[in-house]
Amino acid sequence: MPLPPMITVEEFFDSPVRAGAKISPDGSRIAFLAPSNGRLNVWVEGLDDDAPARAVTADATRSVQMFSWTTDPRWLVYLQDNGGDERWHLFRADVDDPDAPAVDLTPFDGATAFLMDLPIARPGIAIVSMNPRRVDEFDVFELDIATGGLTEIERNPGTVAGWVYGADGTLFASTQDATGAIAICRWDSAARALLPIAAFDGLDYPLGVFPIVPSPDGGLWLGSNRGTDRTRVVHLDGVTGEETEADAHDVLDLDTTGLVAPTMPQPLIVDPRTGALLGVRYLGERQEIRALDARFGEVLGALRDLSDGDLGALSSDLDGNRWVVSFVHDRDPGVTYLYDHRTGESRPLFRPFPHLDPQMLAPMRPVTIRARDGRDLPSYLTLPVGVSAEDLPLVLLVHGGPWFRDTWGYHGEVQLLANRGYAVLQVNFRGSTGYGKAHMQAGIGELAGAMHDDLIDAVDWAVAEGIADPRRVGIFGGSYGGYAALVGVTFTPEVFAAAIDYVGISSLPDFMATLPEIARPYLANNWYRYAGDPSDPDQLADMLARSPITRVEKIRTPLLVVQGANDPRVVQAESDNLVAALRARGVEVEYLLKADEGHGFVNPENTIDMFRATERFLARYLGGRAGD
């Protein structure tokens, strides 16, 4: 059987026809993302009439990614930044007057706003955190959505890393000191003081405690791994700090991917009216949702019958009667349904990519690879459809973070590579999250060390299994994965015939020095612990030794570098300096720089350009197919 027909880059990476649907609080409408003005914008459509959908936002510069219904049916709110700079502003869209221009509700130059809550009991009000005074201090504001009026509720005393708006309006805060110790505190408004109620070892939470969700009784639901290797859900008393287990899985971690990727489904499913905990998402090879409420258990059973995929985004009306659900699937992504629990009836709403035939796409298969020291490496293997899995060109696709993990589902880059004839291997190397804190903490001090050995062991496994041709192995990664690709060509250049560095780190010390100011106070538990503290001369020397920029003379592998000019996390200089050093030595390197992108491309024409370059580059050096 030959390879399936070529699917164009545009078919994989152009905007979906519809995506991200959310049902309105009254259950009468959905809002969703769809193309308008060449960008994804928010549209609204009735569920019980034949009136056409209407666009209620008109952003022609950058696609909208995150939006919410509000408790006032007239207004939607959405977040937007400037060209990927991650300085988010909160905008208002008028559902009753779609032609009205969007209103920036947080119009402060240089500030970043986050939507904390839309209190059910206070229609038309939003609670936001924002940093208009100091870039590294977020205060809490009450926002009147209709008028745009902002009222400061509380001012950051200088130590708050993040705020949580409790069920009764009480504020909670998380703090982290210079040593990395984490505290959950209740805010005493009268005394303007933080009252610590629980302490956590920062070693176990490199990116902070997650999730932190208010519970209806004035406490908090938390993701905790205290006293265990796995992250579970606990209830924290809002006054005493007493921690009580709410739910735990025997073998799986709580799904915390939403910490790094906020557009992904959040791990706790709560009642939109009462805040009661309905269900919990866990993640292993596939997702498992546990229902903690009998009625939600009935809903969950009905929803599971709609697809053989995993439940993705989920929203309901305030009464929990009508539900909109999309499904995670490796070959049929984002299929979205409406389900009515009163009648038991359901109907499909849309497929985001109706032109993609699931039969032409490649299944994503979980595999476990044994590292050289005996550690199990949970991984995913995707093989091209229609050819024998023997001596294939292989792309090792490395996830970012590194405090993240690869997951089962549809990934456009994986399917593009498989369609072009490549085997794709994704490895949850030590340092990855989602497999217990021991697996994560095994990455401490192991950048360009055992973390890289895991990747090489995975390549060796694929070769030993007869899947991969050792002469045609490429490495491709973004962010930390870009760093891993550069480590691959500077520490083990003999392994790789091609490499793609996408917004990757070339110098560990320079990367840390140029991180956003809002991130720098909180490096003790992540970059300082795992890679080193550049203020210590010995650690600085070690960091430089693990930095690809100091080993450019080792690079003999063809290299493609991709960068967004507005990237606030891995700044453009990380790529510029590497490319300049290589070109100074007369080494050919392809460099794709986009002026209107940040840490990961969003606008479709830029993503399409990147993957056109990718397919041409890999076809040249690994021998796969390439489009026109």
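**Close-up views of a predicted model**

**View 1. Strand S35 and its two parallel neighbours.** Strand S34 (residues 498-502) runs parallel to S35 and is joined to it by four bridges, and in this predicted model Tyr 502 has Val 562 of S35 as its bridge partner. S35 also pairs in the parallel sense with strand S36 (residues 589-594), here over six bridges, and Val 562 stands opposite Leu 592 of S36. In a regular strand the side chains alternate between the two faces of the sheet. Together with helix H10 (residues 572-584), S35 and S36 make a β-α-β unit that is right-handed.

**View 2. The packing of helices H5 and H6.** Two packed helices are described by the angle between their axes and the distance between the axes. For helix H5 (residues 450-464) and helix H6 (residues 480-491) the angle is about 75 degrees, and the axes lie 11 Å apart. Because an angle of 65 to 115 degrees counts as roughly perpendicular, H5 is described as roughly perpendicular to H6. On the H5 side the contact is made by Met 451, His 452 and Leu 455, and on the H6 side by Tyr 480, Ala 484, Val 487 and Gly 488. Of the residues in this contact of H5 with H6, five are nonpolar, two are polar and none is charged.

**View 3. Strand S2 between two antiparallel partners.** Strand S2 (residues 29-36) is mostly covered, with seven of its eight residues buried. Strand S1 (residues 19-23) pairs with S2 in the antiparallel sense over three bridges, and Lys 22 stands opposite Ala 31 of S2. The hairpin of S1 and S2 has five residues between the strands, and Gly 27 in this hairpin takes a positive phi near 80 degrees. Strand S3 (residues 39-46) is likewise antiparallel to S2, with a pairing over eight bridges in which Pro 35 stands opposite Leu 40 of S3. S2 and S3 form a hairpin with two residues between them, where Asn 37 in the turn has a positive phi of about 60 degrees.

View 4. Four strands in the order S17-S18-S19-S20 make an open sheet with antiparallel pairing. Strand S17 (212-214) and strand S20 (243-247) are the edge strands, each pairing on one side only, and the twist averages 35 degrees from one strand to the next. S17 pairs with strand S18 (residues 220-224) over three bridges, and Ile 212 has Leu 222 of S18 as its bridge partner. Pro 211 is found in the loop between strand S16 (193-200) and S17, and the peptide bond from Phe 210 to Pro 211 is cis, with omega near -5 degrees.

**View 5. Further backbone features in loops.** Most residues other than glycine have a negative phi, and most peptide bonds are trans. The peptide bond from Gly 401 to Pro 402 is cis, with omega near 10 degrees, and Pro 402 lies in the loop between strand S31 (392-398) and helix H3 (412-419). Glu 86 is not a glycine but has a positive phi of about 65 degrees; Glu 86 sits in the loop between strand S6 (75-80) and strand S7 (89-94) and is partly exposed, with a relative accessible area of 23%. Arg 192, in the loop between strand S15 (182-188) and S16, has a positive phi near 50 degrees and is also partly exposed, with a relative accessible area of 42%.

Technical notes
Residues numbered from 1 in each chain as written. Predicted model: local features only at pLDDT ≥ 70, side-chain atom pairs only at ≥ 80, totals over all residues. Heavy atoms only, no water. Pairing = 2+ DSSP bridges. Axes fitted to C-alpha atoms, helices over the stretch in contact; angles between N-to-C directions. Right-handed = clockwise from strand over helix to strand, strands pointing away. Parallel < 35°, antiparallel > 145°, perpendicular 65-115°, else oblique. Contact = heavy atoms within 4.5 Å. Nonpolar A, V, L, I, M, F, W, Y, C, P; charged D, E, K, R; others polar. Buried < 20%, exposed > 50% of the residue type's maximum accessible area, 1.4 Å probe, protein only.
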